[in-house]
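Morning, everyone. Please have the sequence and the model side by side on your screens.

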Amino acid sequence: MATTLITGGTVVSATGRGAADILVDGERIVALLEPGTTALGANLAETVDTVVDATGKYVIPGGIDAHTHMSMPFGGTTASDDFESGTRAAAWGGTTTIIDFAVQKFGERVQDSLDTWHKMASGQCAVDYSFHQIIGDVNDESLAALRRLPDEGITSFKLFMAYPGVFYSDDAQILRAMQIGANTGLLTMMHAENGPAIDVLVEQLLAEGKTDPYYHGIARAWQLEEEATHRAIMLADLTGAPLYVVHVSAKQAVAQLAAARDRGRNVFGETCPQYLYLSLEDNLGAPGFEGAKWVCSTPLRSRREEHQDQVWQALRTNDLQMVSTDHCPFCMKGQKDMGIGDFSKIPNGIGTVEHRMDLMYQGVVEGRITLERWVEITSTTPARMFGLYGRKGVLAPGADADIVVYDPDGHTSIGLGKTHHMNMDHSAWEGYEIDGRVDTVLSRGKVVVAEGEYRGRKGDGQFVRRDPCQYLI
């Protein structure tokens with residue numbers, strides 16, 4: 001097997017940093033060494049097949065994006081990134097593992113939906129991948145299928161309190177599914193918004209002639225995220241199920257999660273870069289139909305109400321544990337423009353899988369999080385939360401050689417024609433400037449990005465079976 005030595009860099013983990021060389025044999029890390037270590041009296045660099053010079057750079061475990069939607073059908077169309085284009089973009093941005101969602105629609109068998117997603121992803125992915133299971137139709141058959149998910153290497157499932165008539169589960173259905181989660185160790189993931197109340201507000205706003213993208217954020221008011229988050233926490237408390245709330249955007253929802261954790265409950269939350277940088281006023285409220293670029297759910301929140309600052313603080317205090325993207329991209333032409341004249345018909349989603357590591361590194365530059373916390377919330381905690389730790393999320397002997405060399409003296413300009421490899425006709429992050437740059441990316445020991453070139457290929461990525469959550473209190 002080919003050997004690689006990454007030398008001269010500062011290795012950064014969730015708990016510290018220090019100078020070390022990393023020796024890779026085949027797909028695995030075999031040793032972390034003192035810089036300049038010799039082998040049989042020879043310079044080690046002279047004995048390996050490939051040397052990666054990381055002098056002056058950070059060496060970190062590959063990013064894990066635990067919330068993506070490749071090829072997802074939604075709102076009469078399909079996400080514009082498939083598993084080939086989306087995982088290639090992920091690799092460019094230093095993400096070496098994604099966890100996507102197999103979608104069970106109403107009236108469909110869980111196993112059939114999972115088989116469909118396996119077929120879409122197999123042989124297509126540039127980096128490793130796994131699945132969560134969306135349960136869009138909670139019934140006796142799907143509840144029985146839930147119990148069998150761990151045999152498939154899938155240890156988490158997602159429910160929706162939003163989207164009546166599409167994915168929505170009522171409280172009784174959520175209760176029954178959570179009971180299965182409590183009994184099997186499956187982690188319940190929750191889209192926490194009060195869907196029936198949102199539908200009433202949407203109907204009223206449209207009747208008043210308020211049709212622009214801005215009103216997407218008004219209809220999905222923070223009170224409806226807080227209420228649903230609280231309700232999910234109470235149902236989890238009743239059943240004893242561990243709960244993970246996805247794409248938390250409102251500071252009031254953060255407070256609900258923090259209070260539950262203070263009571264010692266196994267309740268966790270993720271946020272996404274859009275809730276840290278973008279806003280209702282600046283983005284959804286852009287002139288004309290431009291705001292459609294930033295329509296996602298949960299929606300962008302008001303900057304005047306300081307949601308962004310509070311979400312950053314929650315990342316510092318571990319009231320929110322990690323950052324994913326909810327990557328679900330749609331083009332403006334032929335997809336987002338389906339909602340001209342009716343904001344409720346705009347497909348919900350933003351494309352970010354390529355930019356998550358950079359955007360969060362900018363938080364380090366600006367003093368919002370530490371270098372170690374950057375690694376923790378983008379790699380180590382996702383690995384622990386979703387049963388990958390030891391193989392992923394860490395640089396240690398025996399771990400997969402998913403490694404990113406990051407240049408703090410580099411620079412990244414985000415936008416079309418710059419750093420943009422996602423299958424989209426626009427960038428939600430157009431014009432953002434990052435004081436750092438992904439230099440080299442290894443996926444299971446193979447260099448897939450280096451010297452500004454993509455060196456991987458579709459099929460490099462493999463399906464990864466997962467263990468139960470390793471983050472429980």
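Start with Glu-451 and Arg-455. Their side chains meet in a salt bridge, 3.0 Å from N to O. By salt bridge I mean a side-chain nitrogen of Lys or Arg within 4 Å of a carboxyl oxygen of Asp or Glu. Glu-451 is exposed, with a relative accessible area of 68%. Arg-455 is partly exposed, at 38%. The cut-offs: buried is under 20% relative accessible area, exposed is over 50%, and partly exposed is in between, with a 1.4 Å probe and protein chains only.

Before I go on, a word on the source. This is a predicted model: local features need pLDDT of at least 70, side-chain atom pairs count only at pLDDT 80 or more, and totals for chains, interfaces and linings use all residues. Residues are numbered from 1 along each chain as its sequence is written, and side-chain values use heavy atoms, with hydrogens and water left out.

How many salt bridges are there by this rule? The count comes to 32. Take Asp-400 and Arg-28. Their closest N and O atoms are 2.9 Å apart. Asp-400 sits in the loop between α13 (371-385) and β20 (403-407), and Arg-28 sits in strand β5 (residues 28-33), so this pair ties together parts that are 372 residues apart in sequence. A note on the labels: helices (H or I, at least four residues) and strands (E, at least two) are DSSP runs, numbered from the N terminus. Is Asp-400 buried or exposed? Asp-400 is buried, with a relative accessible area of 1%. Arg-28 is partly exposed, at 38%.

Next pair: Lys-392 and Asp-402. They form a salt bridge at 2.8 Å, N to O. Both residues lie in the loop between α13 and β20, so the pair ties together parts that are 10 residues apart in sequence. Lys-392 and Asp-402 are both buried.

Now back to the pair I opened with, Glu-451 and Arg-455. Elsewhere, salt bridges that share partners make one network: Glu-27, Arg-28, Asp-128, Arg-391, Lys-392, Asp-400, Asp-402 and Arg-444.

On to the backbone. Most residues other than glycine have a negative phi, and most peptide bonds are trans. Glu-451 has a positive phi, near 55 degrees. Find Glu-451 in the loop between β24 (446-450) and β25 (453-454). Tyr-163 also has a positive phi, about 65 degrees, and is not a glycine. Look for Tyr-163 in the loop between β15 (156-160) and α4 (171-184). Tyr-163 is buried, with a relative accessible area of 15%. And which two residues does a cis peptide bond join? Ser-297 and Thr-298, with omega about 0 degrees. Thr-298 is in the loop between α10 (280-284) and α11 (307-317).

Pockets next. Tyr-163 comes up again here. The largest pocket is lined by 21 residues, and Phe-74, Tyr-163, Arg-220, Ser-344 and Asn-348 lie nearest its centre. Elements giving two or more residues to that lining are β11 (73-74), α5 (195-207) and α6 (214-219). The largest share, 4 residues, comes from α5. A pocket, on a 1 Å grid over the protein atoms alone, is an open set of points where a 1.4 Å probe fits, with protein on both sides within 12 Å along at least five of seven lines; lining residues have an atom within 4 Å of a point. The space in the largest pocket is about 430 Å³, where volume is the space filled by probe spheres set on the points, joined across faces, edges and corners.

The second largest pocket holds about 220 Å³. It is lined by 15 residues, with Trp-92, Thr-412, Thr-419, Arg-437 and Val-438 nearest its centre. Strand β23 (residues 437-443) gives the largest share of that lining, 3 residues.

Last stop, strand β1 (residues 3-7). Of its 5 residues, 4 are buried. Two strands pair if DSSP finds at least two bridges between them. Strand β1 pairs with strand β4 (residues 21-25) in the antiparallel sense, over 4 bridges. There, Ile-6 has Ile-22 of β4 as its bridge partner. Strand β1 also pairs with strand β8 (residues 50-53), in the parallel sense, over 4 bridges. There, Thr-7 partners Asp-53 of β8.
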